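Subject: Structure handover

Hello,

Here is the structure I promised to pass on to you. Please open it next to this email, and I will walk you through what turned up.

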Amino acid sequence: MPAEPTVQKSRNEPVVCGRGLSMCFGSRLVLDNLDLDVRAGEVLAIVGGSGSGKSTLMRILAMLMAPSSGTVSLFGKEVSVNEDDDDVTLRRRLGIMFQQGALFGSQSVLENVCVPLLEHTSLSRPFVEQLATLKIALAGLNPDAATLYPRQLSGGMRKRAAVARGIALDPEILFLDEPSSGLDPISADAMDELVLQLRDTLQLTVVLVTHDMNSLWRVADRIVLLADARIAAIGSLNELLESDNATVRSFFDSRRGRAAGGAHGQ
Ligand SMILES: Nc1ncnc2c1ncn2[C@@H]1O[C@H](COP(=O)(O)OP(=O)(O)OP(=O)(O)O)[C@@H](O)[C@H]1O
């Protein structure tokens, strides 16, 4: 839960503003002077070729990594990745699910979901466990899954457990790195459904990185396409599909793009 009362942002108001974001790893410029807003209540998908900087951009927006230059503002306040008290408080308003789940292997699902609650609140252990149980249910896991260890979970269950931990503190923005990667089509569809449910029932803003064209069709309100370290395009999927921009066309004309488009009547 948030550490302090928060003002509900009206839909479409920017909750994350990146300005002039650049990122270099050694001599490699991965992001070059990007401006990007994330709007309250939207599902924003970051797409692009492999190595185009999607995860890096998400990590910068989620305060996990400092950009080489540029600024990130969360809820109207410019932030840094240091341990400044205000920034730590802001970070608690963000939930994150990493690509591989990043669950603690020696802890059960329940214990994993309790971790952020025990770390960031002074609630009693029984109450923390009740809250964690609620989050596990919200993430669509059967109550029996709470006692299982990560190695005992299917890929889809592991991602749901990671989502449960990501929403443990009632974040306002949920960052998801490849939520459907590695899942069979039915589990991937179910994960998309979960993303929409979380957005609608918890009024979450969602930022996700994906390679999955079907996910774009199902969940994304807006899409950011990264190419050559820049934002090649941003808009709804239909807007991007109508674009004449060569980079955008080549991305969406890929085989998977056509397959997904066909499946959705395009
Ligand atoms: N911590 C790091 N140190 C050095 N190089 C990095 C680091 N993180 C990312 N990179 C490099 O930056 C580039 C972009 O990486 P990133 O993971 O953001 O891309 P991506 O679009 O998410 O890729 P993928 O789709 O393959 O997961 C890659 O060349 C990667 O090797």
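First, a term that comes up throughout: two residues are in contact if their C-beta atoms, placed from the backbone, lie within 7 Å. Helices (H or I, at least four residues) and strands (E, at least two) are DSSP runs, numbered from the N terminus. A residue is buried if 20 or more other C-beta atoms lie within 10 Å of its own, exposed if 12 or fewer, and partly exposed in between, again with C-beta atoms placed from the backbone.

Please keep in mind that this is a predicted model, in which local features need pLDDT of at least 70 and side-chain atom pairs count only at pLDDT 80 or more, while totals for chains, interfaces and linings use all residues. Residues are numbered from 1 along each chain as its sequence is written.

**Confidence**

The predictor's confidence in each residue is its pLDDT, from 0 to 100. The protein chain has a mean pLDDT of 86, with 88% of its residues at 70 or more. Over residues 1–8, however, the pLDDT is below 50, and this stretch has 12 contacts in the model beyond near neighbours in sequence. Where pLDDT is low, the predicted coordinates should not be read in detail. The model's scores are ipTM 0.97 and pTM 0.87.

**Overall make-up**

The protein chain has 10 helices and 10 strands. Of its 266 residues, 41% count as buried. Among contacts between residues at least 6 apart in sequence, 66% join residues at least 24 apart.

**Helix α1**

Helix α1 (residues 54–61) has 7 of its 8 residues buried, so it is largely enclosed by the rest of the structure. The buried ones are K54, T56, L57, M58, R59, I60 and L61. Just after α1, M63 takes a positive phi of about 65°.

In helix α3 (residues 109–120), the buried residues are V109, L110, N112, V113, C114, P116 and L117. Their cover includes α4 and α5.

The axes of α3 and α5 come within 8 Å and cross at roughly 25°; axes are lines fitted to C-alpha atoms, for helices over the stretch in contact, and angles run from 0 to 180 degrees between N-to-C directions. The two helices are therefore roughly parallel to each other (under 35 degrees; over 145 is roughly antiparallel, 65 to 115 roughly perpendicular and the rest oblique). V109, N112, V113, V115 and P116 in α3 meet A161, A164 and R165 in α5.

On to the next pair: the axes of α5 and helix α6 (residues 185–202) come within 10 Å and cross at roughly 15°. α5 and α6 are therefore roughly parallel to each other as well. Here G155, G156, K159, R160 and V163 in α5 meet S187, A190, M191 and L194 in α6.

**A loop residue**

Where is R151 found? R151 sits in the loop between α4 (125–138) and α5 (155–166). R151 is exposed, because 9 other C-beta atoms lie within 10 Å. R151 and T71 are 80 residues apart in sequence and, C-alpha to C-alpha, 39 Å apart in space.

Happy browsing, and best wishes
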